[in-house]
Amino acid sequence: MEQTDPNDLGEHCHTGGAERKSHHSDKAKSNLTSRLNRIEGQIRGLKGMIERDTYCDDVLNQIAAVQSALNSVGKLLLEHHLNSCVIERIQEGDHDVVKELMSTMNKLIK
């Protein structure tokens, strides 16, 4: 997995108004999109394995690879989120972001 400096990605958050948004640099979007495209291909491969009655252990190993790839995307997004949105909101005095972050992390590590 390529390590990127989240401070070098030009990311920031907008939490004002009704819609919250993150703004990722073109480099970060490209990286995340590329990873998700590979995962999408792995999922299609899994479907094909099931259709071809591939040995269960081989399918399970591929499922583990997909889960690992998704976890990598999640970790990268979490790192970016911590270094942009969370820090910004704490600096603005919004400490509810910590509760929100803990809730999100609990979902990620289920």
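Here is a short tour of this protein, from its overall layout to its core, its salt bridges and its surface.

## The model

This is a predicted model, so local features need pLDDT of at least 70 and side-chain atom pairs count only at pLDDT 80 or more, while totals for chains, interfaces and linings use all residues. Residues are numbered from 1 along each chain as its sequence is written, and side-chain values use heavy atoms, with hydrogens and water left out.

## Layout

The protein has three helices and two strands, and from the N terminus they run β-β-α-α-α. Helices here are DSSP runs of H or I with at least four residues, and strands are runs of E with at least two, numbered from the N terminus.

Of the 110 residues, 25% count as buried. Buried means under 20% relative accessible area, exposed means over 50%, and partly exposed is in between (1.4 Å probe, protein chains only).

## Inside the protein

The largest nonpolar core has eight residues: Leu-32, Ile-39, Leu-46, Met-49, Val-59, Val-66, Val-73 and Leu-76. Helices α1 and α2 (56-91) are the elements that give two or more residues to this core. A nonpolar core is a set of buried Ala, Val, Leu, Ile, Met, Phe, Trp, Tyr and Cys residues joined through side-chain atoms within 4.5 Å.

Take Val-59: leaving aside residues up to four places away in sequence, Val-59 touches Leu-46, Met-49, Ile-50 and Thr-54. Touching means contact, with heavy atoms within 4.5 Å.

## Salt bridges

There are four salt bridges in the structure, each a side-chain nitrogen of Lys or Arg within 4 Å of a carboxyl oxygen of Asp or Glu. Arg-44 pairs with Glu-40 at 4.0 Å, N to O; both lie in helix α1, four residues apart, about one turn of the helix. In helix α3, Lys-99 and Asp-96 sit three residues apart, and their closest N and O atoms are 3.5 Å apart. Lys-99 counts as exposed because its relative accessibility is 60%.

Arg-89 meets Asp-94 at 2.9 Å, N to O. Arg-89, Asp-94 and Glu-100 are linked in a network of salt bridges.

## A patch on the surface

Ile-90, Val-98 and Met-102 make a nonpolar surface patch of about 240 Å². Patches take residues with over 30% relative accessible area and no salt bridge, joining like charges within 9 Å and nonpolar side chains (Val, Leu, Ile, Met, Phe, Trp, Tyr) within 5 Å. Areas come from the Shrake-Rupley method with a 1.4 Å probe; for residues, only the protein chains shown count as cover. Met-102 lies in helix α3 (residues 96-108).
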